[in-house]
Amino acid sequence: MEKYDVAIIGGGSAGLAALKQLSALGKQVILFEAGNKIGSKNISGGILYSKKPKKGKTYNVEDIFENFLNDAPFERKITKYILHATSKDKVFSIDLTAAHEYEANFGCSVLMNKLNQWFSQQAGEAAQKQGGGIVSGVHVNSIRWEGERTIIQTDELEEIEVKAIIAADGVNSEVAYMTGARQKFSPSELYQGVKVVVKLPEEIINQRFSIEQDDGAAHLFAGDVTLDHIGGGFLYTNRDTLSLGAVYHFDSLLETPVEPYELVNTLLKNPMISEFVKDEVPVRSEIDKDLPKEEQMRIRFAVTKMIKNWSELRDVYYSKKEKERLVREGKYGSAEEIESQLSSLRDQMSTKYNIKFDTDYVEAEYSAKLVPDGKRCRMEKPYFKNILFVGDAAGRGIFVGPRIEGLNVGIDDGARAANAVARALDKGNFANNYLGEYYSQSVEESPYTHDLKAIDKDYLKIFLDAAKDVPKDIISSKYGLVVKMMSSNTLRSFAVGFANILGYEKLLPIIETVDTYVKVPTELAERLGKSISTSYTPTIPSIGQRVAKLNFNDDSVSHIKVLKPTSEFMKNMVTLCPTKCYIMEKEGVMIQHEGCVECGTCSEQTDWKHPRGEKGINYQYG
Amino acid sequence: MDPINTAVIVKLEPDFSEGNVSYNPDGTLNRAETKNILGPHSAIATAAAFYAKVKYGAKISIGTMGPPMAESMLQQAQLISDADDLYLYSDRIFAGADTLATAEVLKSGVQKMGKMDIVFSGHRASDGETGQTGPQTAWKLGMTFLGHVIEYEINLENRTVRAKRLVRMQGIYDIVEEIEAPLPVFIAIDPSYKSKFNTVSQRLDYERYQKEAFERAKNFKQYLKVFNAVQIEADPKLIGISGSPTIVYKVERIPKGKATRQAEVIDGANQEDIRKVVARLRQSLSTMVIK
Ligand SMILES: Cc1cc2nc3c(=O)[nH]c(=O)nc-3n(C[C@H](O)[C@H](O)[C@H](O)COP(=O)(O)OP(=O)(O)OC[C@H]3O[C@@H](n4cnc5c(N)ncnc54)[C@H](O)[C@@H]3O)c2cc1C
Ligand code: SF4
């Protein structure tokens, strides 16, 4: 049996950070990732923050990956952060840039496929130097202990023996379930996130969102777009795409089930968002059915090719950097040449093939995943024997205000776990009290854990300041007193202090309610909002079309087994599975696993595993 | 233990993939217009050699007979296999060679590479379809020939190879024959071959060699040796036109075949019909040998 010092299970951002840090400390580490390529299984919103804590230290992305700021393919640095309260066509906006900048060095929009691949290059290189590395397309299926030995079994490779394990296998952590390190998260501890990536050329984004070339904007949505659920919508600008998503409390969805994609569709239909995503879209004309079959085929190919060329050239035209690059490389004589070629291509499209140009939007990818609500479900002791849990696997997602933070938390955890394991390797001591407890304490000291446990009165003040012009009567009597109290500096300190003693989690039912996410914003929009109109109705793809666009490597066997086909929970899955994998039959629900995006929504009452190595969903954006 | 030396003989072929082929008005291939690439079967043979590199640390030399432009194909092959040496046998007098004359060049070329333990070739070429070059080269080299190989393992100590071959027996396909032979051997790789790397260390080596391959292929000329007929000491009588006994008389387009299978339509609407189907299936199955 082959032996390695450490194994990391899961190659998301948390696992890759752990790999980089441990390798930098000179240790030999193997990372197993189930996806066929790193990044193919990971999705996020996402804004990746670098934290500047008032107290304590965090391991930020740029600490672990030193050339992150110069070299990493992140999208844009977010400089505008605006919350919109919606009611029908009315929108009331509050600038929350101060909340975004709070305790942050920066926050940048990211797409996980690209970013995790970059992380993996950096971490993989460091690991190789120590005799370790990344092994993708391999799914870990069990871990066992034989005396002092820890043995890992995978679906694809021969067993290996290791001294310690870092479990970075995400919110649906099989390592946690198979070892019994923690229970599956319950619906009250989870959010369901659903996202679409929308294409839009770079400079159109700059103009439309009034931002500079490398800057970005984040727009958050609450009010009637939530369809009465606790949660909200987000729209982040990437370099030449937008990430538009909906994140809702799973409990709230179970209470009044609605198709996850309907929540995204509702966002798309909001006039403000329709206007944000709109673009010029070529529309094919019908091919004459009387033409010979081969001719029809030829035309179809030619049109596809032409549209592809046009849209690629258009992307270049709307990107200053790309334009400059291609001119510099001599592909085009000048920027004008690109423009004239683009317009002649467009002419050809309409004259030769009768292609029309319409206003619509272009969706590139649909995705979904659960997110753990760390306030409620973080592992108090994130270890089991010689296994340390990090990131989503340890349930460490932060939801405070509209900010979602999981990426940065996982990176911090990954670094801490790496340090703890390195220390244990040096001493050859992997006992609970030397490895697990040490890591647990380190995590406890992390400023992120503090954020998960207590309200920060300075952060709170930002929201109160931002909302100071909001008529007090909108905020119902329940909040009236609280708001009054919070508005005074001394009373706020006192109240927050008292609340923190009482326990943050006890306050959550008061803070996270339909009032805060739906009623107050809706009323705000109705009374104070500006009416926004849009000139078109977006053509929203059906869920079937969305799934058809995704890239799957189908497995013949299902990775999910339904255990309670007639339970209420499972019946709700018919509505709540983001890709409609469940159908109702006479004898209960049935799953059709092709099309499953491995979000974990149905995990609680199923025998749930990730697919075997290389199988399942392959996200292109993430 | 001596390291394993492997050679792969590969072929430049027209790219038959979608949109890359060009035909003359008479239906023959327009070779000038069609892009040339490493043939798909050659690519599989190259990948099979890479398996020996990852698993046994084998040294890989790749050789081809072709025009000077074939060097970019050798680059492709290096990218797949992290080859240590590339050989291009290029000479005007090689022109017009049939499979036998080609085999003569390849034999001389392989001998020029040094002493080989395994020589790999593809199953056949996609533009020639004869599948003769491999066996003929093996014969000329005096090596044991193993065709249709889908899997192989080397025993470094005993210097033997164990291979699984996909063979056809009594008209039945998909029979796997397992054989053992002492090195050196000549292996023609079956199109269904796929390397399997079962241990972590193999996966890591795979990654490492792939990276090295990427770097090497960037500077592939550093690894390239171009030889003419004299340099590989090929017998002038046995190469080119003069070494080619084959005369291609005419190439015809393949006529559409008549269907030879006979189908009987059974509705399946009632029990009786279903019984008939089952009976027919039984009957057919009884004539097959199933392992
Ligand atoms: C819609 C949405 C919006 C979000 N917005 C933000 C945001 O704006 N900012 C932010 O910071 N965070 C955000 N998050 C949260 C953030 O994306 C996650 O916290 C983060 O991606 C988790 O990273 P991870 O490495 O812990 O897990 P993952 O990225 O889930 O990685 C786990 C990996 O483990 C692999 N794996 C699992 N099981 C096995 C096994 N048995 N064997 C081998 N491999 C295995 C998986 O294939 C996967 O690649 C958002 C999440 C969602 C869904
Ligand atoms: S089947 Fe389950 S895990 Fe798969 S997409 Fe549906 S809810 Fe998510």
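**Close-up views of a predicted two-chain model**

**View 1. Helix H15 of chain A.** H15(A) is mostly covered, with 17 of its 21 residues buried (buried means under 20% relative accessible area, exposed over 50%, partly exposed in between; 1.4 Å probe, protein chains only). The model is predicted: local features need pLDDT of at least 70 and side-chain atom pairs count only at pLDDT 80 or more, while totals for chains, interfaces and linings use all residues. Residues are numbered from 1 along each chain as its sequence is written, chains are lettered from A and ligands numbered from 1 in the order in which they are written, and side-chain values use heavy atoms, with hydrogens and water left out. The helix covers residues 407–427 and reaches 31 Å from its first C-alpha to its last, close to the 30 Å expected at 1.5 Å a residue (1.5 Å times one less than the number of residues). Helices (H or I, at least four residues) and strands (E, at least two) are DSSP runs, numbered from the N terminus. Just after H15(A), A:Gly428 has a positive phi of about 65°.

**View 2. A:Gln192 in strand S13.** A:Gln192 belongs to strand S13 (residues 190–199) of chain A. This residue counts as buried because its relative accessibility is 2%. A:Gly107 is 85 residues away from A:Gln192 in sequence and 22 Å away in space, C-alpha to C-alpha.

**View 3. Two cis peptide bonds.** In chain A, a cis bond with omega of about -10° joins A:Gly45 and A:Gly46. A:Gly46 sits in the loop between strands S3 (29–33) and S4 (47–51). In chain B, the bond from B:Leu183 to B:Pro184 is cis, with omega near 0°, and B:Pro184 lies in the loop between strands S9 (172–182) and S10 (185–189).

**View 4. Positive phi in chain B loops.** B:Arg159, not a glycine, has a positive phi near 50° and lies between strands S7 (144–155) and S8 (160–169). At 24% relative accessibility, B:Arg159 is partly exposed. B:Glu233 has a positive phi of about 55°, in the loop between strand S11 (224–227) and H6. With a relative accessible area of 64%, B:Glu233 is exposed.
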